Amino acid sequence: MRHRTLTTILAAGVLVLAGCGGGGDDSSSGGGPGGLSVPKIDKLASLGAGEGTVNIIAWAGYVEDGSTDPKVDWVSDFEKETGCQVNTKVAGTSDEMVTLMKTGEYDVVSASGDASLRLIYGGDVAPVNTDLIKNYADVFDGLKDKAWNSVNNQPYGVPHGRGANLLMYRTDTVKPAPTSWSAVFDANSPYKGKITAYDSPIYIADAALYLMKTKPDLGIKNPYALDDTQFKAATDLLTEQNKLIGEYWSDYTKEVQAFKSGDSVLGTTWQVIANLAAADKAPVEAILPSEGATGWSDTWMISSKAKHPNCGYLWMNHIISPKANAGVAEWFGEAPANKLSCAETADKNHCKTFHAEDEAYFSNVWYWTTPLAQCVDGRTDVTCKDYAAWTQAWTTIKG
Amino acid sequence: MDPGVDNDQGLGGRRRWQLAALLSAPMLWLGVAYLGALAVLLVSAFWTVNGFTGEVVREFSLQNFRTIATEEVYRNVTLRSVGVAVAVTVICVVLALPMAFYMAKVASPRTRGWLVIAILTPLWASYLVKAYAWRVLLANDGPLDSVIGTPGYGLVAVVIVLTYLWLPYMILPIYAGLERLPDSLLEASADLGARGGRTFRGVVLPILIPSIFAGSIFTFSLSLGDYITVQIVGGKSQLIGNLVYANVGAANNLPFAAAIACVPVIIMVVYLTAVRRSGALEEL
Amino acid sequence: MTRWVLRVVMALGLLFIYVPLLLVLVNSFNGDRTFGWPPHDFTTRWWTAAWNNGGARDALWTSVKAGLGATAIALVLGTMVAFAVQRFKFFGRDTVSLLIVLPIALPGIVTGIALDSAWRSVIEPLGLGKGLFSVIVGHATFCVVTVYNNVLARLRRSGISLEEASADLGARPGQTFRYITFPMIRSALLAGGLLAFALSFDEIIVTTFTAGPGIQTLPIWIFNNLFRPNQAPVVNVVAAVLIVLSVLPVWLAQRVAGPEAGASRT
C-alpha cells in the first residue's frame with residue numbers, strides 16, 4: 001500500500017508535467033551532423049540608445065565593478081557613461097557558459113574557443129557588426145578573423161585577450177629542466193603521482209598536439225580535428241598518462257597551492273598561475289615546450305536573443321578599449337587584445353611577461369576550438385569526433 | 001495510535017475543508033511542482049542531443065541508458081560513489097554515537113548547552129572554506145603531514161572531508177533520540193547487572209535505530225551527490241556527481257546528465273523506502 | 001571507565017571539528033595568497049580588504065534575504081503539513097513524510113537541474129525570469145522538512161487536550177491558536193526555522209542552478225572568489241567572521257527555547 005501511493009504520486013506528476021515540459025528551447029534551427037550551416041541571424045545594423053541594462057556571462061575577474069577591490073573597477077565608469085546597468089553571472093567552465101547562453105537571459109558572454117563555435121552553430125550568438133565597435137580597429141591582427149571567432153570572414157565577436165597552456169615544473173625537483181611535453185607523458189617518469197593536467201575534455205587536444213609532432217604517421221593536422229584513429233591514439237595516450245597523474249586541476253588556487261606544497265611538480269599551467277606561484281616564493285618555472293602548446297583566446301559575443309543589444313554593443317566596445325582591456329588583462333593575468341592597452345598597464349612589463357606583442361610566440365599556439373563532426377581542419381573525407389564524444393571520452397580516461 | 005488524531009473514518013464536511021486548506025499549498029508545491037520538475041527531468045533522460053547545435057531532440061531513445069549500462073566506467077563510478085557514501089555514513093555513526101551519548105547523558109546540563117552550540121557552529125562556516133581548509137591540512141608538508149602524516153589527495157581524503165562536513169547532521173538526530181531516552185531505562189539495565197557495553201547494545205542501540213537512520217539519510221545522500229569536495233581533495237578521482245555536473249554543461253547534454261542522475265535517484269528512493277519502516281523519516 | 005572513554009572521544013571529536021576552523025582563522029592572517037603552510041608572514045591586510053569588499057557585503061545581504069524568504073515559506077508550509085498529518089487521517093498520509101524528505105534526500109545537483117529546467121520551460125515563458133525569487137523557491141523546497149519534523153514531533157508529544165479544553169471554555173478557534181497552539185509549538189518553529197535558515201545559508205549546489213543573472217549568495221560569492229588567488233585569503237576572513245557570528249543565533253535560540261531548540265532535530 002505504502003509503496004503504491006508513492007508510485008501513484010510519481011506517476012501523476014509525470015502526467016501533469018509531461019505536457020508542460022515542452023516549449024523550452026526550440027527557438028533556433030540547426031542542421032544535423034553533416035549539413036553544417038550557420039543559422040541565419042542578422043547583425044545589428046545601427047546603434048540605438050542603451051536599454052538601461054546589460055546581462056553578462058563572464059569568467060571570474062572579467063567584469064569588476066570595484067566590489068572586490070575598490071581599485072579594480074572598469075564597470076562603474078561604463079555604467080555612468082552609458083546608463084547601462086551591468087549584471088554579471090560568473091561561469092566556472094566553458095560548458096556552463098554555453099548552457100547559460102541557451103537560456104536567452106543574457107546579452108553578452110566572454111566565450112573561450114572551446115565554446116564559441118558551439119554558440120555560433122547553435123544559433124545562440126549573432127554575428128557582430130564591427131563597424132559599430134570603434135575599438136575593434138586596434139585589436140592585434142593575430143586575433144582577428146580566426147577559426148574560433150569568425151565564420152566565412154564574418155566576426156562573431158570581439159577578441160578579449162589570449163594566453164597559452166604552458167608547462168610548469170618545480171625547479172628544485174624536476175631535473176633536468178623539461179623542454180618537451182614528453183615530460184608529462186613518459187610512462188617511466190620519476191615524477192609519477194606528482195604530475196598534473198587540466199581537468200577538461202579540451203585537454204585531449206594537448207595529447208593530440210604532442211602526437212602531431214611525435215607521431216607524424218597519424219597525420220594530425222589540427223589537434224581539434226581528430227578522426228577515429230587519431231582520437232583513439234590521443235585518448236590512449238591520456239589513459240596511460242592517468243597513471244602518472246596526482247590530480248587534475250581546474251581552478252588556479254588549487255594549482256598554485258599544489259605546486260607550492262609539492263603535491264604537484266610538473267604539468268600544464270597558465271602564465272598567471274606561474275606568476276602567482278613565483279610571487280609566493282614557490283620555485284617554479286613555466287615554459288612553452290618545443291612542440292608548441294594549446295592556448296585560449298576569449299571572445300566577447302552577443303546573444304542572438306539579446307534583450308539589450310545596444311548596451312551589449314556598448315559593452316563590447318568598452319571592454320576592449322585600451323584602459324579597460326589593460327585593466328582586465330592585468331587583473332586576470334593574460335595578454336590583452338588591444339594594441340594600445342600595453343601603454344595603459346600599471347605594470348609596464350605586463351605585455352612583455354605575457355608575450356602580448358610577440359606574434360612568433362603565439363604562432364606556436366593552437367587556440368582552443370570546439371571540435372565538430374565536420375573536421376575543423378577542412379578534411380571532408382572523414383568525420384571527426386565532436387565535443388560530446390570528447391566529453392564522454394574524458395569521463396572514461398579519468399575512470 | 002497517535003494522540004490527537006481524528007480517528008473517524010469519514011471526515012466531516014468541515015474537517016474535510018480544513019484538511020484541504022492545510023494540504024493544498026504544500027502539496028501543490030512539493031507534490032506537483034517539485035515532483036513534476038523531477039519527472040520532466042527523468043523523462044528527458046530518454047531524449048538525445050544534436051551533436052552540432054546542442055538542441056535537445058525530443059524523440060524517445062534508450063541510447064543514454066544503453067551507454068550507461070554498457071560502458072564500464074559508469075559502473076565503476078557508481079560503485080565508487082556508493083562506497084564513499086557508505087564509508088562516510090559508517091564513520092559518522094561510529095563517531096557520532098559516543099559524542100552524542102556524552103552530550104546527552106554524561107555532560108552536565110550547562111555543558112550540554114555549550115556542546116550543542118559547539119556542534120552547530122561549524123554548520124555556518126562555508127562548506128567550501130572548510131573543504132579548502134582540509135586541502136591545506138592534507139597537503140604534502142602540510143600541518144597534518146608533520147604530525148600524523150597525510151594520506152594525500154584521493155578517495156581517502158574525500159571520505160575524511162565528507163565525514164567532517166556531515167558529522168553534525170549525524171550527531172544531532174542521535175543526540176535528540178538519546179535525550180528522549182529516559183535515564184531510568186539505563187539505570188534499570190545497570191541495576192539488572194548489565195555492563196555499560198551491554199546496556200548500550202541491548203537497550204540504547206535498538207531505540208536509537210530510527211535516529212541513526214535519520215542521520216544516515218543526510219550523510220548518505222549528501223555524500224552520494226557531492227561533486228565539489230572530490231574536486232578539491234579527490235586527486236584524480238571522480239564520483240557520480242561529477243559525471244552529472246560534467247554532462248549538464250559538457251556539450252550541454254542535459255538528457256545524458258538526466259540519465260546518469262537516475263542512478264543516485266533510484267539508489268536514494270530505494271534507501272528511503274527501506275529505512276522509512278523504522279520510522280526514520282520522522283526523526284530527521 | 002566508560003565515562004572516561006566517552007570524555008576522550010568527545011574531546012577528540014571536538015578537536016576534529018575545530019582544527020580545520022582554527023586553520024581558517026590562522027590563514028586569514030597568513031601573508032601567503034594561497035594558504036601556503038607554514039604561514040611565512042603575519043598580515044592584517046586581508047581583513048582590511050574584506051572590510052572594503054562591497055561584493056562580500058552584498059552577497060551576505062542576498063544570502064540573508066534568500067534565507068529569510070526560504071525560512072518563511074518553510075515555516076508556513078511545514079507547519080501546515082505537520083498539522084494535516086498529525087490532526088487528520090487521510091489517504092496517502094504515510095507518503096507525505098516521504099515526499100517532504102525527498103528534496104533533501106536527493107542529491108542537490110538533481111534537485112538543481114530539475115528546478116532549473118522546469119523554471120525555464122514553465123515559469124519563464126510567463127514572464128518571470130530567474131532571480132532571487134527562484135533561489136528562494138529552490139531553498140524553500142528542501143527546507144520544509146526541518147520545520148515539518150520539529151512541529152510534528154512537538155504536536156505528537158503535546159496532544160490536543162489543552163486545545164480541547166480551550167474550545168470547551170468557549171474560546172474561538174483564533175483565540176485557541178493564539179493562546180494555546182502557537183505558544184506550544186513556538187520553540188519547535190524556532191528550532192526548525194533556524195535549521196532551515198542554516199541549510200539555506202550554506203547551500204551552493206541548488207543555488208548554482210537556480211540563481212538568475214546578477215544574483216550572488218554568499219556561498220556563490222565564496223565559490224567565485226576562492227578560485228581567484230588574489231581573493232582566496234579574503235574568503236578566509238569572511239568565513240572566520242561567519243563562524244564567530246554564527247554563535248550568536250545558535251546561542252539566542254538556546255536562550256529562548258531551551259537547549260532542545262538549538263539541537264533537537266535536524
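**Notebook: chain B domains, the B–C contact, one helix, one residue**

I began with the domains: nine residues of domain 1 of chain B are in contact with nine residues of domain 2 of chain B. Contact here is C-beta atoms, placed from the backbone, lying within 7 Å. H1(B) gives the most to the domain 1 side, with three residues. I sorted the residues on that side of domain 1 and got six nonpolar, three polar and no charged. For the classes, I took Ala, Val, Leu, Ile, Met, Phe, Trp, Tyr, Cys and Pro as nonpolar, Asp, Glu, Lys and Arg as charged, and the others, Gly among them, as polar.

Ground rules next. I am reading a predicted model, where local features need pLDDT of at least 70, side-chain atom pairs count only at pLDDT 80 or more, and totals for chains, interfaces and linings use all residues. Residues are numbered from 1 along each chain as its sequence is written, and chains are lettered from A and ligands numbered from 1 in the order in which they are written.

**Chain B, overall**

I noted the bounds: domain 1 of chain B is 13-57 and domain 2 is 66-283. Such bounds come from an automatic or database domain assignment. Over C-alpha atoms, the two domain centres are 29 Å apart.

I counted 12 helices and two strands in chain B. These are DSSP runs, numbered from the N terminus: helices are H or I with at least four residues, strands are E with at least two. The order along the sequence is α-β-β-α-α-α-α-α-α-α-α-α-α-α. Along the principal axes, the C-alpha atoms of chain B fill a box of roughly 75 × 70 × 30 Å.

I checked burial too: 56% of the 284 residues in chain B are buried. The cut-offs are 20 or more other C-beta atoms within 10 Å for buried, 12 or fewer for exposed, and partly exposed in between, with C-beta atoms placed from the backbone. Of the chain B contacts with a separation of 6 or more, 73% join residues 24 or more positions apart.

**Chain B, confidence**

I looked up pLDDT, the predictor's confidence in each residue, from 0 to 100. Chain B has a mean of 84, and 90% of its residues reach 70 or more. Which elements of chain B have the lowest and the highest mean pLDDT? Helix H8 (residues 183-191) is lowest at 76, and helix H3 (residues 72-106) is highest at 94. Residues 1-9 of chain B stay under 50, and the model has 16 contacts for them beyond four places in sequence.

**Chains B and C**

I found 76 residues of chain C and 82 residues of chain B in the contact. Helix H1 (residues 2-27) of chain C supplies the largest share of the chain C side, 14 residues. That side divides into 54 nonpolar, 15 polar and seven charged residues.

**C:Ala66**

I placed C:Ala66 in helix H3 (residues 54-87) of chain C. Why does C:Ala66 count as buried? Because it has 27 C-beta neighbours inside 10 Å. Leaving out residues up to four places away in sequence, C:Ala66 touches C:Leu132, C:Val135, C:Ile136, C:His139, C:Ser200 and C:Thr217.

**H14(A)**

I see 11 of the 12 residues buried, including A:Trp390 and A:Trp394. Just after H14(A), A:Gly399 has a positive phi of about 75°.

Technical notes
Two residues are in contact if their C-beta atoms, placed from the backbone, lie within 7 Å.
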